[in-house]
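Visitor: I have just opened this structure and would like a friendly tour. Could you take my questions one at a time?

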Amino acid sequence: MSARGLAGALVVAVAASAGVSAYLKFGAEVASGTVPLKWAQLPVRYFVTDRGVPGASATDLDAALTRAFRSWQDVDRATITFERGGFTGSVPFEPDGVTVIGFLSRPDLERTLGATAYTYDTRSGALVEADIFLNSEFPWSVATGGEAGRFDLESVALHEIGHLTGLGHSALGETELRPGGGRRVIAAEAVLFPIAFSPGSTAGRILRPDDIAGVSDIYPESRFRSETGSITGRVLKSGRGVFGAHLVAFNLRTGDLVGGYTLSEDGGFTLAGLEPGPHVVRVEPLDDGDVESFFDDAERVDLDFTATFADRTVVVQAGHNAGDLTIRVDPR
Amino acid sequence: MTRRLVGAILAAWCAASPMQSSAQVPPPTTAGQPAATAAESVPARPPRYEVALGPAWLGGYDLGSRSAQLTGNLGQPGLVLFETDTEMAGAFGLDAKLGYRLTPTLRLEAGLAYSRPELRTSVGDDAEGADALVAVDPVSQYVVEGALLAFALQWQVGGGVPYAMAGAGYLRQVASDGAAVDSGGVYHAGGGMAWERGRAASWLKAWGFRADLRVNLRTGGIDIEEATRVWPSLSARFYVAF
């Protein structure tokens, strides 16, 4: 038995939060409750469509995907691996049990560069297929240094492959509203930030600490738990838990920024995969993107509070949880 | 190299002390007493062991500044989300020593020091206007150390005897929730004054008061970078010798 969903577009996405764990992961309802979607069988075998677009041939697409998959596979403390099956004449988003990645023309999704659709086993939550489409309505580039006016194919592929692994969106970025609608990125520190860098930028080709911590949390090497630490706590407003608040832990030693969310009604959160060292923790409302691109139940998300720092410097030690951090926020 | 140099300085100081002092006269006698009186108070065996306890003040030290930076969009510099500046604040603590008098001018000491300095991070300049604050975490700090002390008996001032000291130890710092522990090495050098009085009980051969000022150097421990940190400390101790 399987279910199918669409997730992880760069602008439009549907995401489900997964329990009380760290990071935003896609969740699946199974008999035992909500479980994070993840691949049970590795390597993940994928096929590439044999069609190109102006600026990116099928071979270019294949090469960009190979680089992007390798970036995720090379994460030290994650076990996920991928295997290229070759070219295929199939198209993405057909529920055939085969993971297919390629271009599709979707003029109706005028703000969507790409998206990931997945099929999972409803008994276990295990992923069985995850297709990625890249919208051929946009101008694409595979130029090494980027190309003015064209979106970088490898950067967008890297983002979508993050969803393919089971990761939801990160909110580690700042945006501004565009006069014609939508948002423009000012800066971001996660490949899984829902809004892409501007055409011509190749900054999205490099996984950031937040992405690395996230994929390691889903597919942990044994040493992931022993070499990194975590922070747990609660965000409270007027004595009540805040749901959907975005937190970021800033490692004063490494400069890493790793994000997370309050994922329970009592405002509980876990920031995991943190490198050892003193951390500053900051909480803010989800105000740099459509809330729907982070949570499928947007009405539960509290946006009415001001950005606030924790009043404690939290020292994280490898293999341990620095727990019981309470952050009190005020309404706007 | 540094430790060798300190050792050489101590050796030179000891060599400068009068031989008769180190051979016969116990360390500092009661101020102003005639030599004969002092000689009468000399116990049959000079004190060998010493136990000291007292408060200490540890100076703070800066750990540095960092910016929480996001990668900028095309053609734009990175965005600083907020700025931080971190220090280990000064603190009072408790210092206990166990000493062994090798000679009247040289002592070996083992010690345990406890203090609770605060790890303080000033956070501000937030891109979204979050109120600036100082994030604090009290750290339990333990130092187990050994030191060599050299007393300059011939340079008494106001009844006190100056001394120089140098040593090294093991540092252990535990964050407030007890989950995070960092360790490192501590080295110190400094000097002070000791005022010693004679027998107070049959088993007690001497008692006195010591105060010293040290410069401490730390490697490891809770920090935001691989760096050596330096801070002053001042301690005062009551001690008994037997």
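Visitor: Which strand of chain B does B:Ser140 lie in?
Guide: Keep in mind that this is a predicted model. Looking along chain B, the element that holds B:Ser140 is strand E8.

Visitor: Is B:Ser140 buried or exposed?
Guide: The relative accessibility of B:Ser140 is 10%. Buried means under 20% relative accessible area. With its 10%, B:Ser140 therefore counts as buried.

Visitor: Which side chain is joined to that of B:Ser140 by a polar contact of 2.6 Å?
Guide: Leaving aside neighbours within four places in sequence, B:Ser140 is in contact with several residues, including B:Tyr114, B:Ser115 and B:Val174. B:Arg172 and B:Gln173 are also among its contacts. The side chain at the other end of the 2.6 Å polar contact is that of B:Arg116.

Visitor: Which residue forms a salt bridge with B:Glu145?
Guide: Side chains of opposite charge can pair when their charged atoms come close. For B:Glu145, the closest N and O atoms of the salt bridge are 2.5 Å apart. The partner of B:Glu145 is B:Lys97.

Visitor: How many residues apart in sequence are the parts that B:Glu145 and B:Lys97 tie together?
Guide: B:Glu145 is buried, at 7% relative accessible area, and B:Lys97 is buried too, at 6%. B:Glu145 lies in strand E8 (residues 140-151) of chain B and B:Lys97 in strand E4 (residues 91-101), so the pair links parts whose separation in sequence is 48 residues.

Visitor: Where in chain B does the salt-bridge partner of B:Arg107 lie?
Guide: B:Arg107 forms a salt bridge with B:Glu50, and their closest N and O atoms are 2.7 Å apart. B:Arg107 is buried at 1% relative accessible area, and B:Glu50 also counts as buried at 1%. B:Arg107 sits in strand E5 (residues 106-115), and the pair ties together parts 57 residues apart in sequence, because B:Glu50 lies in strand E1 (residues 49-58).

Visitor: What links B:Glu50, B:Lys97, B:Arg107 and B:Glu145?
Guide: These four residues belong to a group that also includes B:Asp95, B:Arg101 and B:Glu109. B:Glu196, B:Arg210, B:Asp212, B:Arg214 and B:Arg237 are members as well. What links them is a network of salt bridges.

Visitor: How many salt bridges does the structure hold over all chains?
Guide: Chain A has salt bridges too, one of them between A:Asp287 and A:Arg332, with the closest N and O atoms 3.7 Å apart. A:Asp287 is in the loop between strands E19 and E20 of chain A and A:Arg332 is in the segment after strand E22, so this pair ties together parts 45 residues apart in sequence. A:Asp287 counts as partly exposed at 25% relative accessibility, while A:Arg332 counts as exposed at 59%. Over all chains, the number of salt bridges is 41.

Visitor: Which strands of chain B each supply at least two residues of the nonpolar patch?
Guide: The nonpolar surface patch covers about 740 Å², and B:Tyr49, B:Trp203 and B:Phe242 are among its residues. B:Leu98, another of the patch residues, is in strand E4 and is exposed at 51% relative accessible area. The strands that each give at least two residues are E1 and E4.

Visitor: What share of the residues in chain B is buried?
Guide: Chain B has 3 helices and 12 strands, and its accessible surface comes to about 11,200 Å². Of the 242 residues in chain B, the buried share is 45%.

Terms used. Residues are numbered from 1 along each chain as its sequence is written. Chains are lettered from A and ligands numbered from 1 in the order in which they are written. This is a predicted model: local features need pLDDT of at least 70, side-chain atom pairs count only at pLDDT 80 or more; totals for chains, interfaces and linings use all residues. Side-chain values use heavy atoms; hydrogens and water are left out. A salt bridge is a side-chain nitrogen of Lys or Arg within 4 Å of a carboxyl oxygen of Asp or Glu. Helices (H or I, at least four residues) and strands (E, at least two) are DSSP runs, numbered from the N terminus. Buried means under 20% relative accessible area, exposed over 50%, partly exposed in between (1.4 Å probe, protein chains only). Patches are made of residues with over 30% relative accessible area and no salt bridge: like charges are joined within 9 Å, nonpolar side chains (Val, Leu, Ile, Met, Phe, Trp, Tyr) within 5 Å. Accessible areas come from the Shrake-Rupley method with a 1.4 Å probe; for residues, only the protein chains shown count as cover. A polar contact is a pair of N or O atoms within 3.5 Å; within protein, one must be able to donate a hydrogen and the other to accept it, and residues adjacent in sequence count only if both atoms are side-chain atoms. Contact means heavy atoms within 4.5 Å.
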